[in-house]
2 protein chains.
Amino acid sequence: MRLRRIGIDTHRENIAFLANDDLTGRALGLHSMDRVEIVANSRRLVAVLNIVEGNVVPVGAIGLSNVAFEKLGVSDNSLVDVAPAEAPESLDSLRNKLLGRSLNSHDYEKVVEDIVQGRYSKVELTAFVVSATINGLNDDETEWLTRAMVNSGDQLKFDSTIVADKHSVGGVPGNRTTPIIASIAAAAGLLIPKTSSRSVTSPAGTADTLETMMNVELQADQIYEIVKKENGCLVWGGAVNLAPADDLIIQVEHSLVIDAQSLMISSILAKKKAAGATHVLLDIPVGYGTKAETLEKGEILKERFDRLGRRLGLELRVVLTDGSQPIGKGIGPALEAQDVIMVLTNNPEAPIDLREKSLYLAGQLLELAGMSTGQGHTRAQQILTSGEALDKFERIRTLQGRHEIPALGTYTKDILAEKNGKINAVDNRVISRIAQLAGAPHNSGAGIYLAHHVNDDIEKGELLVRIFAESEESLSFAARYCLENSDVIKIV
Amino acid sequence: MRLRRIGIDTHRENIAFLANDDLTGRALGLHSMDRVEIVANSRRLVAVLNIVEGNVVPVGAIGLSNVAFEKLGVSDNSLVDVAPAEAPESLDSLRNKLLGRSLNSHDYEKVVEDIVQGRYSKVELTAFVVSATINGLNDDETEWLTRAMVNSGDQLKFDSTIVADKHSVGGVPGNRTTPIIASIAAAAGLLIPKTSSRSVTSPAGTADTLETMMNVELQADQIYEIVKKENGCLVWGGAVNLAPADDLIIQVEHSLVIDAQSLMISSILAKKKAAGATHVLLDIPVGYGTKAETLEKGEILKERFDRLGRRLGLELRVVLTDGSQPIGKGIGPALEAQDVIMVLTNNPEAPIDLREKSLYLAGQLLELAGMSTGQGHTRAQQILTSGEALDKFERIRTLQGRHEIPALGTYTKDILAEKNGKINAVDNRVISRIAQLAGAPHNSGAGIYLAHHVNDDIEKGELLVRIFAESEESLSFAARYCLENSDVIKIV
């Protein structure tokens, strides 16, 4: 049959398209959702079949979705063989996990390989994620899954015995400490090739925020070059192919709004390991709407991270931090970038909480790496106050390319305090949702600016929050939701 | 935006297609897998978005998959509004089920409604099925799910206090008793509007078998007319919209090769209830490869069916039968049809096991319906032997239309016994797989003919099985698999 590229973005699932009146398809007894193998020269690919009507793919041709077409790697209109394919071997393991059995190291290697190769249909991938979520993974399994994820993609390697990294498990809006910590650590002489992610469920990921100020899509050789010169970088991890299975798993979790502990641990540690890290500082914010809603849950999570870190040969330091309210003033890519720059430039208006948390974590990271023992915080403060951190940030930014001032959305709406009092609580989830309705992270100038934090005194009529959007429509969505949830910021 | 029909068969999932360079899409911040609402006049539909390249759908247009297009029900090129849509309400229930909580009656109504309306993505539908499989459903939940499934589609109603039906939970190849039982029951004066399904996992469903002999795709009004005249019919249930959520759930189970007990019970009883049945005979074959591998498991399943039948107001009689080997000689649509006709015509070569099992079940059904108390088997035998059952079958067939002799595949391969001895076991699963590899049920003439059953004496060189296929290729697939599994029929 003739191969045709069908420009459908199927999120890494290999999909093949065949006309419903194609005689070859009928002779082979092919039906929608069957798995077919497509062979061209010595290359072969397994895809899930969609039977389509005449206008999508002509009779005598087999269509492939973007990702499948690229993977097969032969040109449009090539002659290919099409045959029914057996299900991937690892589906037995998937079924075992579903039935509550534990899998072994080899099983996870095969499952992850099949996921990365796009051999799982959406149904199968979902079944794996849901089974792992409900039945859980023990420590052995979590280790094996993590190792398999590391091995399934590219791995960065640095010529140093200490390669530092940090990660926050998330859930706290505005918590954009990474660019500040990385700048301090690199200025202190620590090797910190920082790869960050884009938002999956939040109004901004670190990569989204950085992107409003600089280029973050670098290839591995560019990363090596910049890190060699400046000890650090601030890039989007997605541009290098680190633990790619993780992205597919996260997408399913995201669309179901679930978050399995084992999968989260595996995801985080696999990304760190694949990025070449040896010393990792892990921030677990504790509070309503985070991944650890109580201190007790935080401690359990910390212990599990500690155990897995040891198994994977990582020097891991886990710290529990206050996640009860947003950090900083801005929530949304450009708004958070403004906060970061204010802290780095020692602007008197810089959010104190963001500055303090960044210094605390930077200090912890320096000490974890064996620098400034007992004096980490002081050293971090020196580097920030002296302008060394800003200088490091700017050097990295220059090498990465593009030097921009983060641009805020031009549609704004102010919400004012309705009474005098003291701010008692700020709801992380509602704040995130408002920022998302305003357009964050896709519209990078969108988001919400918090004029006050918990314990601030406030007077009736004073500015409480300002919503930023890039269109009238998004602004009104967000403003309506904000007004409907008037206790998002509780004044008592 | 302009509406375009995109001829992609998406298995009832509503899918919308938007060009990746469409400015409206960008302004709305739409991404692949987002949920969008499409509004035309007063009609609205929620679909999962696929972002596609230029050649699939033009800029300024929104494409809809077949099923979504039909559901929206406006003409091609109509003007429609497109906006981001909220996730269906019932996703909270889905998440609760995933987290191990029980759902209530209202939850199941909403879940089933959203499934039937195509509002669930593949990911969500799979998550529901897997969660229900792992976490199970208690009797309350199973009842509510069943009632919701009944309510979600059309329901047949007959003007009689006794409407008989029968069902086998399956797993035994060749077990084609239904046409025989229904013919006997209808001839005895029992109202039996028999709706059957096509194969999901087996080499033939009753509807596949019937279709080799007659038209089975009838609308409700045709069914009412035929049943009024002949007390019965033999149709494909899929042509009437009975418990449509069930088909979608089964598809997911099928592709994962899983089979949750609660979902199975719910599926079977919902179909019976929706078909208007009041008295249902349920056959649970017990044996390796069936849904009840041991007598103990069969008893547990029977008790659960009994409890649910009572809750749903059905007169249910559950019988456990021998499912240790295939029933009849043919496996595959046309081969099974031949067996059925041989039994109905009292052909001396008719498979004894199929005849005996059909008479036993027909007798049980007559007694369940309050006819021939204690004499059901004898009465059934009279009706079959006298030719009344055949006459009824032929009358129904004439009214349904198309009168065909089942045609067997013309490519055949004989497998002979390799030694003298006695047949000790026949493996249901391997037999089914051979028939499927030969092309059944899609190629209706394909399948496998079993010359012998367990306990038969056999001599070396005698015919053991004959494989039928409709192409050389399928035949060789099936023959190879058969030879690789030489102990499928064990001779000792």
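Copies are superposed by least squares on the C-alpha atoms of residues with pLDDT of at least 70 in both. On this basis, in the predicted model, chain A is superposed on chain B by a rotation of 180 degrees with 0.0 Å of shift along its axis, at an RMSD of 0.0 Å. The two copies are thus related as by a two-fold rotation axis. In general, two copies of a chain are related by a rotation about an axis and a shift along it.

The contact between the chains was examined next. In it, 38 residues of chain A are in contact with 38 residues of chain B. On the side of chain A that touches chain B, the elements giving two or more residues are β4 (43–52), α3 (91–98), α5 (122–135) and α10 (244–256) of chain A. Of these, α5(A) gives the most, with ten residues. Sorted by class, this side of chain A has 16 nonpolar, 17 polar and five charged residues. Because 100% of the interface residues of chain A are also interface residues in chain B, the copies meet through the same surface.

Within chain A, the domain assignment gives domain 1 (2–84), domain 2 (91–136), domain 3 (164–400) and domain 4 (411–491). The centres of domain 3 and domain 4 of chain A, taken over C-alpha atoms, are separated by 25 Å. Their contact takes 25 residues from domain 3 of chain A and 19 residues from domain 4 of chain A. The side of domain 3 of chain A that touches domain 4 of chain A receives two or more residues from each of α8 (206–211), β12 (330–331) and α13 (333–344) of chain A. The element that gives the most to this side is α13(A), with three residues. By class, ten nonpolar, eleven polar and four charged residues make up this side of domain 3 of chain A.

Two strands of chain A illustrate covered parts of the model. Strand β7 (residues 164–168) of chain A is mostly covered, with five of its five residues buried. From β7(A), A:Ala164, A:Lys166 and A:Ser168 point one way, whereas A:Asp165 and A:His167 point the other way, and all are buried. In a regular strand the side chains alternate between the two faces of the sheet. Strand β7(A) runs parallel to strand β10 (residues 279–286) of chain A, and five bridges join the two. Within this pairing, A:Asp165 stands opposite A:Val280 in β10(A).

Strand β9 (residues 232–236) of chain A is likewise mostly covered, and five of its five residues are buried. Here A:Gly232, A:Leu234 and A:Trp236 point one way and A:Cys233 and A:Val235 the other way, all of them buried. Strand β8 (residues 192–196) of chain A pairs with β9(A) in the parallel sense over five bridges. Opposite A:Val235 in β9(A) stands A:Thr195.

In chain B, an open sheet is formed by three strands in the order β16-β14-β18, with antiparallel pairing. Strands β16 (457–458) and β18 (489–491) of chain B stand at the edges, each with a single partner strand, so one side of each is left without a neighbour in the sheet. The bridge partner of B:Ile423 is B:Ile491 in β18(B).

The nonpolar residues of the model were also grouped into cores. The largest nonpolar core has 265 residues, and those with the most contacts inside it are A:Ala185, A:Ala438, B:Ala185 and B:Ala438. Beyond residues up to four places away in sequence, B:Ala438 touches several residues, among them B:Ala446, B:Ile448, B:Ile467, B:Phe468 and B:Leu475. A second, separate core of 55 residues includes A:Leu3, A:Val48, A:Val56 and B:Val52. In soluble globular proteins, nonpolar side chains tend to be buried together.

Leaving aside residues up to four places away in sequence, B:Asp76 touches B:Leu3, B:Arg4 and B:Arg5. By contrast, B:Asp76 and B:Arg466, which are 390 residues apart in sequence, are 51 Å apart in space, C-alpha to C-alpha.

How values were computed:
Residues numbered from 1 in each chain as written. Chains lettered and ligands numbered in written order. Predicted model: local features only at pLDDT ≥ 70, side-chain atom pairs only at ≥ 80, totals over all residues. Pairing = 2+ DSSP bridges. Helix = DSSP H or I, 4+ residues; strand = E, 2+ residues; numbered from the N terminus. Contact = placed C-beta atoms within 7 Å. Buried ≥ 20, exposed ≤ 12 C-beta atoms within 10 Å, placed from the backbone. Nonpolar A, V, L, I, M, F, W, Y, C, P; charged D, E, K, R; others polar. Domains from an automatic or database assignment. Core = buried A, V, L, I, M, F, W, Y, C linked by C-beta atoms within 7 Å.
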